[in-house]
Structures are given as structure tokens and as C-alpha cells.
Amino acid sequence: MCGIVGYIGKHAASSILVEGLKQLEYRGYDSAGLALGEKDGIKVLKKTGRVEALASLVQENESKCSVGISHTRWATHGPVTDANAHPHQSWDGKIALVHNGVIENYQSLRTFLEKEGAEFRSQTDSEVLANLIAYYYARVDKDNGKNPLLCAVRESLSQLEGTYGIAVICADQPDEIVGARKGSPLCIGVGSGENLIASDVAAFVGRTQNVVYLDDGQIVHLTREDFNITTIGEKSVDAVISQIDWKIEQAELGSFKHFMEKEIFEQPQALENAMRGRFSDDESTAKFGGLNLDAREWRQVDRMVFCSCGTAWHSCLVAEHFIERYARIPVEVEYASEFRYRNAPLDKNALFFVVSQSGETIDTLEALREAQRKGFRVLGITNGVGATIARESDGGIYQHAGPEIGVASTKAFTSQLLIAGMLSLYLGRMRDLSFGDGREMVRAFKAVPGLISQILDQADQIEKIAERYADYQDFLFLGRQSMFPIALEGALKLKEISYIHAEGYPAGEMKHGPIALISEECPSVVLSPHGDTLKKVMNNIEETRARKGRVIAITSAGKEFPDNAADDIIRIPSAHECIMPILATIPLQLLAYHIACKRGCDVDKPRNLAKSVTVE
């Protein structure tokens, strides 16, 4: 959560910082602010509301200062007020700081600082760190040959418990920025005569394609011409400069009303990218270059454990279904947020997968570290090239879905589903899945982009259906087998962006409680593609309609599902089972999107949510 952008260079910093914050607003949009290292001291501008409110304030306070830090907030400690907005300035005016993370011992530190004469203007944990740095800065030996600001930051961080990604400027040292991270992402944009620091490359991809990702426990010192990375313990670190693999144009709206809409329609290309170069020459299996296990090691895997959160957790449930079906390997799916607090007995030959779109989800990252601590090999599936999970895992698969700006995940989710299916094929062919079955699955995967395009052609029809249901306050989503996780995802999408209460259930569980919710005021969305369970699901629909519940059915093209069997029907192409979860997801995304639009909701920035969850 929260977005950090810092700039030091030759140009006016304020406009660059505001543009960077706009690119990071998906990380938090309660308030925004910036601090500039002016010649006569630090100038702070901050405002509750969206980045546009800050942009107006900046326009009224024109500055040519070329050094600054900025922040867009997702509130943790303290309500949404101007005082609680970042940056935070120390009580003596020497230090300004932006912070992402949670300082768990901030109360005891605040008590100590208040006794030392520090004054506080906010209710945040972050202001404690600004004052702590100022406290140590005032006590640093300025003649010892070391950088005083760096020394103060090092000493302060050694006192912290919790997580942080920070950028700091000092009134006495106006031509430098210090940043540090532990548990919260931070990266450096390396330019010519300018350098940037941010919590996501999206903030500076329009200025440079060169990026250095900081690891936990590292501190960076930035000037206009150079940067230097060390550990908190003052060990020098050799920087590795990587190249960003996408352009700023990919993160712009174009002709679409919202990023979510744009990203729904980008799915054919995103899934094409996820498949590119990942099938064998004989087209009987998938291949992945970064898993770092050979066939013998795969054969020794007795069990697989998938850890993730939110939408990615739903993709893991689909992975469980397909890996068990096609590869015959037992799979467990864990909430990453719960895993490291449990003491679950695990098979010694278990293999872990962690799944995260951003590659920075704090709960998933900690689950990865916990599994590695216990001696397990952990592989990652992520869309974030260079992200922490990608760097710390023992191997993995990149999604290559491109930047996803909308808070509610769309193309990242379907690319995770595709990779889950391809992984089940890859493992199945190592075991007992036949050559013919493998080729049939590859043909199905290759057909996905075209089939999604066919469903997207029905967007106008789905919008009309959405209009009829936009005023309801409760929904049920039902599905069986691999459709159950898609029902969960459909319910989550509706909740996230329209604020309608929605629940996903296995359709077979209807009579075990949820049927009590059925009424004229509670419609059901039923996933009923062709297959072994179609007749059972149609019985659920009849039970629902007998109780005056309205039904939106998502089913395969064909005559097995009569036109009068539901109140509204969305037909998707008939296809191989291994791609049906992907196809069934598209109408659910469009339905949620159009309902949210009809209700006047802010689709891309739903209340209380942020794109990347980097604090517990």
C-alpha cells in the first residue's frame, strides 16, 4: 500500500513527483503530499483526497526546486486528515520523510521522543520516524567524515520493529535523498543527471528504463549524478541495473473509460504473451525455463502447497483442481496470511508455490520466507518482473500480463488461471498424461485468446443485463468443481468495485444453508458450463427459481441449456475443461464492471482498497 516517489536531478521536482504519484495512485488515494528541499528549508505541501487535489495545490505554489519526495497514502495509523498525510516533517523542521509500512513499536518510541522535547502534529506511526531521525541527526558527530543524514537514518532504523519503505530529505543536506526498505518495496530509477526512488517502477518508467531493486535491509544514498547502496550494517552492495520490460503507454487509459475496462479487453493479448514460447516443439506439453527443477526432481514431489491471498488465492484453487486431475499430485491451498502463523505438518517432499500479481504482497512474501526457513523449495508465479518474490524464490514463472493499474485484478487473474492449466499439463506429461491428451490441451490453450475475443463481443449484451441488476444489494455466485473458485472470484469482483454484498458457494452446498438467502431480493449468478455436473447445477437453478430467486446463468453455447432455464443467460464458447474457468471469468468481470458503473462507483479506485497489499 501507499506510493512513494522521490526525485533529484536538473528539472523542477514538483511536476515530476505529481506525475509519478498519478501512476502510483492505485496504491493509495486517501491523501497525497510532497516535500521539496528548498534553499531556505524544506517546503511541505499535502492534502486529503486524490492526487489531483495535490496537483492544484502545487500549481498555486510554483517551485523550481529540483529535489523532493512525495507520497500517496492508504491510511493505517490515524484517520484521513491533512495532518496525517505524508510527508511528515520533524518538529525542528530539519527532516522530511515519506513512509510505507507499519512501525510496530512506534508508541514506545513516541513516548521516548516526547520526553526528549519532540512535538507531534499527527496520529501516525510515520511521524515518529521523522522525529527519531531528527533526534539522532542532532547528535551525530558532524566531523567524523561520515554523512550525518545517513548515520541518523541507520541509527533510527536499528531501533524500529516492523516494516518500512522510506525516502528522507534533510534541510541541511538539500542535494541528496536517503531511502531504505524492509518488507516494503523500493526501487531506484537510474537516469542521466537525475535519479529517482519509488515504491513501483510505474512512477518513473516514462523517464528511464533502468531500475535497481533494493533488498530488505538496504539503504540507498542518491545524488543527481550517482547513487550508493549499503546495508544497515554499512556493508557495500554492488548494484544490479535491470531493464523495465514495458513502456509508459501500456499504463495509459487510451480510449477506455477506466483501467479495469481496458484491462478486461487486453486479456486476449495478455494471455497470448503468457503462452509465448512455452509449448514444446511437438505441442504435447508446456515448458517453463525458470522452474529450476529437472524431471527427476519433479518425480520426487509428493505434494504441492500453494500460498496466496485474495484473487490469487482463487487461481490457486483452480490450480489445485487441475494439478490433481491431470498430474495426480495432491495439492493444498493455503491463505498466505494464515500460513506462517500455523504449525501445519508438511510432507518432507512437498513443493511450494507462492502466487502474487505484484510480487510484493507482504503476506505471500512472508509465507515464502517461512517455507524456505523450514527447508522447502519455493517457486513463484508473479507478474512483477524484478519484484521481491521473484528475487527471493528458488525459481518461478512470470505472467507477462503487462502493467495492471485497476485495483480489481482482471488480466492478471486470467493469466494465473492459464499458467495453472499449463503447469498441470507440464506435470501431467511427466507422469501419466498421454501424448494425445497433451496435444488436445495445448490446442485448447492456444485457442483461448480468440475465444475470449468472442465473449468480449457480447459486452453490450452483458451491460444491458447489468443494468437490470444494478440496484440489488445481495448476490449469490454458484459453481461446481473448477467453477467454484470462479464463483468466489465473481463474488469478490462485485464486492470490490460495486460494494454489493456477494457470496460464492459450491452449488452442491445450496441445500446445506445458503438456500435460506434465496428471495426476490437476492439474485444468483450460476456457472453452468457443459460437463458432468450440468444437470446437477440445473437442479440448483430450478430450486432457486422455485423460491422466486432471479438467475443469471453463464453456460456453454449449445442446446443443453434451454433458453428459458434462467432469467438471463450469457453463453460462452464450448471448450476443453482446462480453459473453461478462464472463459467463465470474462462475463463475471464485465458484469461487475457495468454494475459498478451503473451505481456510480469509482471502478479503478474502490473505497478502502489498494492494489498492492504491502502491510499486514
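Predicted model: local features only at pLDDT ≥ 70, side-chain atom pairs only at ≥ 80, totals over all residues.
Residues are numbered from 1 along each chain as its sequence is written, and side-chain values use heavy atoms, with hydrogens and water left out.

Two packed helices are described by the angle between their axes and the distance between the axes. Here helix H16 (residues 483–498) and helix H18 (residues 580–598) have axes that come within 9 Å and cross at roughly 20°; helices are DSSP runs of H or I with at least four residues, strands are runs of E with at least two, and both are numbered from the N terminus. The two helices are therefore roughly parallel to each other, a term for angles under 35 degrees. Residues in contact, meaning heavy atoms within 4.5 Å, include Met 483, Ile 486 and Gly 490 of H16 and Met 580, Pro 581 and Ala 584 of H18. By class, this contact has 12 nonpolar, three polar and one charged residues, where Ala, Val, Leu, Ile, Met, Phe, Trp, Tyr, Cys and Pro count as nonpolar, Asp, Glu, Lys and Arg as charged, and the others, Gly among them, as polar.

Rolling a probe the size of a water molecule over the atoms shows where empty space is left. On a 1 Å grid over the protein atoms alone, a cavity is a set of points where a 1.4 Å probe fits but cannot get out, a pocket is an open set with protein on both sides within 12 Å along at least five of seven lines, and lining residues have an atom within 4 Å of a point.

The second largest pocket has a volume of about 490 Å³, and of the 27 residues that line this pocket, Cys 309, Gly 310, Thr 311, Lys 611 and Val 613 are the closest to its centre.

The largest cavity holds about 80 Å³ of space, and among its 14 lining residues Thr 76, His 86, His 99, Gly 101 and Ser 126 lie nearest its centre. The second largest cavity holds about 40 Å³, and H9 gives the most to its lining, with three residues.

Definitions and conventions
Axes fitted to C-alpha atoms, helices over the stretch in contact; angles between N-to-C directions. Parallel < 35°, antiparallel > 145°, perpendicular 65-115°, else oblique. Points joined across faces, edges and corners; volume = space filled by probe spheres on them.
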